Amino acid sequence: MIPIPYDDSTSVPVAVLAGMFEDQLGDTITAVAMVIIIISALMSIIAKLFPERFHKESYLGSVFNVSGFWLLVRIVGMIFIIFTYYQIGWEGIYSSDTGGMILTSLMPALVAVFLVASYLLPLLLNYGLLEFIGSLFSKIMRPVFKLPGRSTVDNLASWLGDGTIGVLLTSRQYEEGYYSKREAAVIGTTFSVVSITFTITVVDYVNLMHMFLPLYLTIVVAGLAAAIIMPRIPPLSRIPDTYYTDEPKSHDETTPEGYNVVTWGYKKATERAKQSPNVFGFVKEGTKNAMDMWFGVLPVVMAIGTLGVIIAEKTIFFDIIGAPFVPLLELMQVPEAQEAAKTILVGFTDMFLPAIMISGVEHEITRFIVAALSITQLIYLSEVGGVLLASKVPVNFWRLVVIFLLRTLITLPIIILMAHLIF
């Protein structure tokens, strides 16, 4: 998860490996995504027709025996990807700025990242790293972010690495009983920011690469402010501290007498490593992770992401709901407030849409504000939001809407203030 220089840019090893895998498959990776989503929908229909053969406790049942709503989402995802891949039906579904964008720009990356990350995540989870880091940071994370110390690795993986990788890691920890419902929801909706690599892509698209460092500093300041405030207010503060499992893992983070945080962390890490699975168990867990993400998440991203982008591109819905922000932006002396206001809420559907819509605006400060806000808003349905909804993390659609709006209201004034100081 540590950023490294690669190919004249900065990336993380997981993303580099995923990129290599994506390059090897080339154009066929979109066909792979289509096959995965079709299998997910058809197997879910079969599981619904023959539930006695797909018990929830079984592995296949846990993947394919889903509720009626998620079955519908998987079927819609299958229809959308078939229409888009073969360019049939209504053009609004498969055009290059709706379903075509999801299929060609997003699906290849998700297929590759999910595969690579699924086999590498056990290295983070099972061999003592979280226990060691958790001991070191327990006195910081709990009072500042109301989270256990072990979440530090998860948060850094999300922030510096990739938001979807962070959600996968968070969901796994939650299912195993290390995080409560509230803690999993806080981490998934507070720290799962897009990677530095994708941030660079956004900044480059709005022609502000010469201001990358001050812009990223602005993102960090606004993001940390939201991370401190959000866990202390509804809806996150009202999520109970109950657990997914009947036997949650121990959460006593006090350092016993005779130890310091380093020696105690090392002791806990070695104890955890002794319990780690063998090579066969490692491969089995990685395969299960990959299937969970491929069959569970890809259809959701295709269905919800495409619907969101269609609404953004083909209707004036976001123009209407963005109108109340015009006087606010004018009050804060943001140039071209009308154009900026249109982008404020459109980021809920896809994080890249605000950059696309604002790229032609003349004033750099306006492009600066919109680019920074689109990243700190964090929740967007075409990737992180869709992954969260498809995971076991306890957040529903309406809770995501509220969290998105609150993050917007918290970070927007901070970003505008920083922008006026920089410009």
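Biologist: Is Glu271 buried, exposed or partly exposed?
Modeller: In this predicted model, Glu271 has 36% relative accessibility, so Glu271 counts as partly exposed.

Biologist: Which side chain does Glu271 meet in a salt bridge?
Modeller: That of Lys267, at 2.5 Å from N to O. Both residues lie in helix α13, four residues apart, about one turn of the helix. Lys267 counts as partly exposed too, at 29% relative accessibility.

Biologist: Why do residues four places apart point the same way?
Modeller: An α-helix has 3.6 residues a turn, so places three or four apart point the same way.

Biologist: What about Lys288, which residue forms a salt bridge with it?
Modeller: Asp292, with the closest N and O atoms 3.2 Å apart. Lys288 and Asp292 are four residues apart in helix α14, about one helical turn. Lys288 is partly exposed at 31%, whereas Asp292 is buried at 18%, as the cut-off for buried is under 20%.

Biologist: How many salt bridges does the count come to?
Modeller: Nine. One of them joins Glu131 and Arg272, at 3.8 Å from N to O. Glu131 lies in helix α7 and Arg272 in helix α13, so this pair ties together parts that are 141 residues apart in sequence.

Biologist: Are Glu131 and Arg272 buried or exposed?
Modeller: Both are buried.

Biologist: Which residues are linked in a network of salt bridges?
Modeller: Arg142, Arg182, Glu183 and Asp241.

Biologist: New topic. How many residues of α19 are buried?
Modeller: Twelve of the 13, so α19 is largely enclosed by the rest of the structure. Among the buried ones are Arg367, Phe368 and Leu373.

Biologist: What comes just after α19?
Modeller: Leu378, with a positive phi of about 70°.

Terms used: Residues numbered from 1 in each chain as written. Predicted model: local features only at pLDDT ≥ 70, side-chain atom pairs only at ≥ 80, totals over all residues. Heavy atoms only, no water. Buried < 20%, exposed > 50% of the residue type's maximum accessible area, 1.4 Å probe, protein only. Helix = DSSP H or I, 4+ residues; strand = E, 2+ residues; numbered from the N terminus. Salt bridge = Lys/Arg side-chain N within 4 Å of Asp/Glu carboxyl O.
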